[in-house]
Amino acid sequence: MNIVVTGGAGFIGSNFIFHMLKTHKDYRIICFDKLTYAGNLSTLSKVMENPQFAFIRGDICDRKAVDELFQKEHPDIIVNFAAESHVDRSIEQPDIFLQTNVMGTVVLMDACRKYGITRYHQVSTDEVYGDLPLDRPDMLFTEQTPLHTSSPYSASKASADLMVMAYHRTYGLPVSISRCSNNYGPYHFPEKLIPLMIVNALHDKPLPVYGEGLNVRDWLYVEDHCKAIDMILHGQCNGEVYNIGGHNEMKNIDIVKLICKHLGKSEDLITYVTDRKGHDLRYAIDPSKITRDLGWCPETKFEDGIKKTIQWYLEHQEWWRDIISGEYQNYYKKMYENR
Ligand code: NAD
Ligand code: TDX
């Protein structure tokens, strides 16, 4: 079995590669990644020597490069993680989100049609459903919830999902889509809430909470997401959409306070800053379809996962210090100075 993992040098893609190499020792895993600001080859260093693994640098929007990838590697399955993934960046510069997230998906699926595959899997997000009210805990996203996006990021992800279903119906391409809630864990890029707060707290820098910090996200440990995708690839899931989430809703402010507590830092570091434009209030996933059809359940409890994650950031300082020493400083200034 040859599996191409696009975007495998990023947060979830790299964790997925580790999971697959560990779980399916006879599979060949090929990572295809452009290495944008969010992709790090150092993340993959521990598998680079594994004979079952190969890394190819390339852009999913580049038809020639994708064609060469298929001719060389003859993939059975494509798992597409490659994306521009940060909502705040999409508000600043939407066009690259359309290019990578929509056009990149189309280029990959065109190659799948040309060369034939057994499954094209699209890694999507719960953000395609828009948001839920804070005062309606009974409301959850199901696979039937209409797509109703808020940010350029989520609009690009929803557009890609529509193209995936169009290729399935029109051309009969074997596809599946997973829509997961917020992930956390090792190798999470420090522009996102949890790693940003850990890294800032370790430097005794202000912890910038948007608005009043009351927005709610449904957090899932990254390994649980990877296991869910593995199950979808191996199940009878052609043409199916699966929501993935852990029934673990938390207010942003509570997460930031928890990080302060675990690191022994004062909550005085918390600084309320101007809210994100169009900020989604609440995400919450109903995962009953994937539990019923495939038997998937989240395994890591949030209190354990967050401790493991904080410990990982303490033990892998060279990984994130390298990232924040470069272009990240300009990004941080632009997004947070005078906010
Ligand atoms: P990330 O930003 O950490 O990684 C993205 C990876 O894609 C990077 O390695 C980058 O170099 C690569 N990439 C970007 N553009 C590319 C291109 N044109 N060609 C090839 N590679 C390219 O993202 P992540 O958080 O790991 O998210 C992975 C996927 O999961 C995304 O599709 C995202 O929408 C989805 N998702 C993320 C979350 C989350 O909480 N992080 C939740 C649900 C869904
Ligand atoms: O500095 C910050 N302060 C803050 O209050 C940052 C970076 C974020 N926030 C808030 C905004 C959100 O309410 O924290 C919450 C989480 O923010 P992000 O980590 O940027 O994630 P989110 O916008 O929820 O999107 C994430 O989950 C769904 C991923 O980045 C997406 O790729 C995924 O699809």
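Ala, Val, Leu, Ile, Met, Phe, Trp, Tyr, Cys and Pro count here as nonpolar, Asp, Glu, Lys and Arg as charged, and the others, Gly among them, as polar. By that scheme, the shell around ligand 2 holds 10 nonpolar, 7 polar and 5 charged residues.

This is a predicted model: local features need pLDDT of at least 70, side-chain atom pairs count only at pLDDT 80 or more, and totals for chains, interfaces and linings use all residues. Residues are numbered from 1 along each chain as its sequence is written, chains are lettered from A and ligands numbered from 1 in the order in which they are written, and side-chain values use heavy atoms, with hydrogens and water left out.

**Ligand 2**

The shell around ligand 2 has 22 residues; the closest are Glu127, Tyr153, Arg217, Arg276 and His279. A residue belongs to the shell if one of its heavy atoms lies within 4 Å of the ligand. Helix α6 (193–202) and strand β8 (207–210) each supply at least two shell residues. Helices (H or I, at least four residues) and strands (E, at least two) are DSSP runs, numbered from the N terminus.

Taken alone, ligand 2 exposes 660 Å², and the protein buries 94% of that. These areas come from the Shrake-Rupley method with a 1.4 Å probe; for residues, only the protein chains shown count as cover.

**Pockets and cavities**

A cavity is a set of points where a 1.4 Å probe fits but cannot get out; a pocket is an open set with protein on both sides within 12 Å along at least five of seven lines; lining residues have an atom within 4 Å of a point. Grid points are joined across faces, edges and corners, and a volume is the space filled by probe spheres set on the points.

Of its 13 lining residues, Asn15, Phe18, His19, Lys22 and Lys46 are the closest to the centre. Helix α1 supplies the largest share, 5 residues.

The whole structure has 2 cavities of 30 Å³ or more. The second largest cavity holds about 40 Å³. Its lining includes Glu127, Arg217, Arg276 and His279.

**Aromatic pairs**

There are 21 aromatic pairs in the whole structure. Rings of Phe, Tyr and Trp (its six-membered ring) pair if their centres lie within 6.5 Å; planes under 30 degrees apart count as stacked, over 60 as edge-to-face and the rest as tilted. Tyrosine 37 and phenylalanine 189 have ring centres 5.2 Å apart and planes at 85 degrees, so this pair is edge-to-face. The two residues are 152 residues apart in the chain. Tyrosine 37 sits in the loop between β2 (28–33) and β3 (53–57), phenylalanine 189 in the loop between β7 (183–184) and α6.

Key:
On a 1 Å grid over the protein atoms alone, a cavity is a set of points where a 1.4 Å probe fits but cannot get out, and a pocket is an open set with protein on both sides within 12 Å along at least five of seven lines; lining residues have an atom within 4 Å of a point.
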